[in-house]
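Here's a quick briefing to read alongside the model. Have the sequence and the 3D view open as you go.

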Amino acid sequence: MTESVSPKLKEQFGKLVDRRLMASLEACVRCGICAESCHYYQADPKPENTPFFRAEQVRSVYRSMFDPIGKIAPRWVGAKPPTQERMADLTDMAFTNCTLCRRCTVNCPFGVDTAAIMRSVRAVASANDEAPEILTQLADASIAREENMDLFKDIYLEQIEMMEEELQSLTGDPDAKIPVDVEGVDVLYVALSGAHTILPAARLFHETGTDWCLSMFEAANYGLFVADTPKAKKITDRIVKEAKRLNAKRVVVTDCGHAYTTLRWEAPNWYGEPFPFEVTSLIELLAGWITDGTLEVDPSRNTESVTYHDSCNLGRVSGLIDEPRTILRAVCEDFRDMTPSGENNYCCGGGGGLVAIEEAVEKRLLAGKPKAEQIRATGAVLVAASCDNCRIQLGDIATNYSLGTQVTGLPELVLNALIPSVSRKNRSGSERRVNSVTAVGD
Amino acid sequence: MTPYEVAGLTVLAIGVALLLVGTVWVVNSTNSRAFKIDVAPSRGSMTRGVAYAFSLGMAPWAKESTRRHLIAYVRGIVFHTGVFLSLGVLVVSPWLWQLPEALRVAVAIVLAVGAVAAVGGYWIRLTDEALRRVSTPDDYFSLGLVTVLISVAAMACVIESWITGFWIVSGFTLAYLPIGKLKHSIFFFYTRFQFGTFFGHRGVLKISRRAQ
């Protein structure tokens with residue numbers, strides 16, 4: 001099929017080409033030195049897996065629509081018309097051959113934002129109902145939850161009640177609560193679906209005596225993965241409205257890469273103004289509590305060797321690079337950083353929504369090879385990660401590459417090392433008694 | 001002034017005029033595109049990010065890619081030194097032969113090395129499968145144009161009669177700059193600025209993190 005697609009594609013793409021995207025589309029000189037920065041190329045070194053080759057496929061279409069020379073003499077600048085076949089290939093590439101990790105941007109002499117280029121393709125695909133169905137369904141499900149809140153609320157509250165019982169058993173405090181819908185609260189905590197991101201945080205909030213409540217909505221925002229900004233905004237808006245209604249001072253996002261990026265960095269720009277509340281990550285909160293002594297921890301309780309995988313959205317995109325290391329150095333006896341790490345960390349291969357796309361499982365396992373090699377090189381037994389999608393992928397590559405590693409989260413490691421405040425109070429009480437006895441003895 | 005020299009200067013003048021008009025057109029059409037100032041509260045420093053992007057961030061040790069491709073990086077630096085030196089020679093060309101011979105010869109040697117590095121660009125582009133597949137006629141033409149520019153600049157430093165030819169080549173190169181691949185020299189400033197603001201604002205770059 002070689003016929004051109006409808007003119008609306010030009011209009012759709014044209015709306016997306018802002019100054020940032022245009023510069024990235026125009027600046028690349030095809031020097032090729034970004035090749036090895038991509039985990040896909042590292043895993044399978046073929047031209048199609050280089051960032052510049054992939055971006056060039058989009059540029060060729062861009063030139064055919066917007067470059068004057070591309071219109072007059074397309075062959076001269078490699079301009080190619082956006083046929084249906086070509087657009088289908090671009091869509092597949094943007095959703096399954098790039099995890100939007102921005103490692104190539106950090107390594108480009110120009111700083112070309114290839115992730116932005118790939119996002120534009122995702123956005124066009126979404127506008128034409130060509131995005132992977134599962135990602136769209138997950139985004140739509142989030143919106144449906146708010147639209148049918150009456151239906152969901154009772155079930156959700158029942159689930160929370162059950163979790164509350166577990167919390168009371170874990171903390172030994174029959175009054176321990178998982179509060180919801182509390183006005184004037186200090187922290188509105190936004191978790192993911194399921195207890196695994198609620199209970200550990202609830203224990204930590206209980207331990208620190210934080211004035212908090214749990215959001216009625218989950219943090220995940222698949223609107224971001226399908227690059228559908230109106231949809232992503234609608235999903236975010238549920239949390240924003242809730243935070244405003246409760247007059248919360250801070251919204252704390254669970255350890256989830258894309259959820260944090262969405263609420264912390266992207267969403268204020270959709271609204272055109274900063275939020276009237278602070279947006280922080282649970283990881284920032286934990287690092288702060290450990291640094292200022294709110295949480296007392298004993299690293300000897302985590303004796304196994306631990307390495308840390310930087311989620312691209314938290315590290316390279318959001319700058320949360322020091323905080324997880326502050327936590328791990330405090331709570332683990334044997335923390336081993338990966339090489340490279342931080343802003344140069346390799347994507348695990350599951351980012352950009354890839355973990356949810358069943359058809360791309362082989363691609364993502366292959367793309368996880370550099371990460372598997374990084375983990376193996378540390379010799380660590382535990383791999384900590386601050387993102388649910390990363391944790392799924394890290395578990396899968398551990399099996400696929402026989403790493404023999406277990407995956408864990410930072411809150412779990414902190415809880416394991418935690419010296420409960422009750423013990424601290426008892427200890428300081430007995431210390432006082434010893435001191436008074438000593439004083440009498442003297 | 002000979003008719004040949006008049007022709008040379010005319011081509012150069014047209015080239016400069018087209019460069020100015022073309023650059024204004026490129027900048028205007030880029031700036032007419034939507035641009036949003038990031039309103040998310042900063043956790044770093046945009047200023048430091050931009051300063052880094054245009055200075056230390058371009059050092060060969062700053063990026064894994066340039067450390068890995070050190071030869072390609074050095075080739076690029078030598079090549080671009082040749083380009084900028086050629087433009088310098090163009091500016092002083094009316095008085096070029098009033099300069100000391102030793103200086104002219106030294107400049108010619110640097111330019112010759114730059115020209116060799118430029119030819120090296122063909123070698124890289126043709127031997128790497130991925131680059132060969134994405135390279136367009138514009139890539140080869142632009143590289144050729146600049147290679148000729150540097151070479152003729154070198155010749156003009158040692159043979160006075162080549163100055164007019166240098167003006168003509170310069171005129172064509174400058175006229176082509178805003179049209180084809182050479183316009184990366186304009187967009188370089190956009191992308192580096194964006195790199196600095198994006199990663200600086202978010203505190204990703206160490207230098208911007210320290211500024212908090």
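This is a predicted model: local features need pLDDT of at least 70, side-chain atom pairs count only at pLDDT 80 or more; totals for chains, interfaces and linings use all residues.

Residues are numbered from 1 along each chain as its sequence is written, with chains lettered from A and ligands numbered from 1 in the order in which they are written.

**Interface**
- On chain A, 49 residues are in contact (C-beta atoms, placed from the backbone, within 7 Å) with 49 residues of chain B.
- Helix 2 (19-27), helix 4 (51-66), helix 6 (74-77), helix 8 (103-107) and helix 15 (257-271) of chain A each bring at least two residues to that side.
- Helix 2 of chain A gives the most, with 7 residues.
- Helices (H or I, at least four residues) and strands (E, at least two) are DSSP runs, numbered from the N terminus.

**Sheet in chain A**
- There's an open sheet of 4 strands in the order 6-5-7-8, with parallel pairing (at least two DSSP bridges between two strands).
- Strand 6 (334-335) and strand 8 (406-408) of chain A are the edges, each pairing on one side only.
- Strand 7 (residues 382-385) of chain A runs parallel to strand 8 of chain A, joined by 3 bridges.
- Ala384(A) sits opposite Thr408(A) in strand 8 of chain A.

**Cores**
- The largest nonpolar core has 132 residues, and Val251(A), Val253(A) and Val414(A) have the most contacts inside it.
- Helix 9 (residues 114-127) of chain A gives the most to this core, with 8 residues.
- A second, separate core of 23 residues includes Leu90(B), Leu111(B), Ile150(B) and Phe166(B).
- A nonpolar core here is a set of buried Ala, Val, Leu, Ile, Met, Phe, Trp, Tyr and Cys residues joined through C-beta atoms within 7 Å; buried means 20 or more other C-beta atoms within 10 Å of the residue's own, with C-beta atoms placed from the backbone.
- Leaving out residues up to four places away in sequence, Val414(A) touches Leu204(A), Leu286(A), Leu295(A), Val297(A), Ile327(A) and Val331(A).

**Helix 11 of chain A**
- Just after helix 11 of chain A, Gly172(A) takes a positive phi of about 70 degrees.

**Chain B**
- Chain B has 10 helices and 0 strands.
- Of its 212 residues, 40% count as buried.

Technical notes: Two residues are in contact if their C-beta atoms, placed from the backbone, lie within 7 Å. A residue is buried if 20 or more other C-beta atoms lie within 10 Å of its own, exposed if 12 or fewer, and partly exposed in between; C-beta atoms are placed from the backbone.
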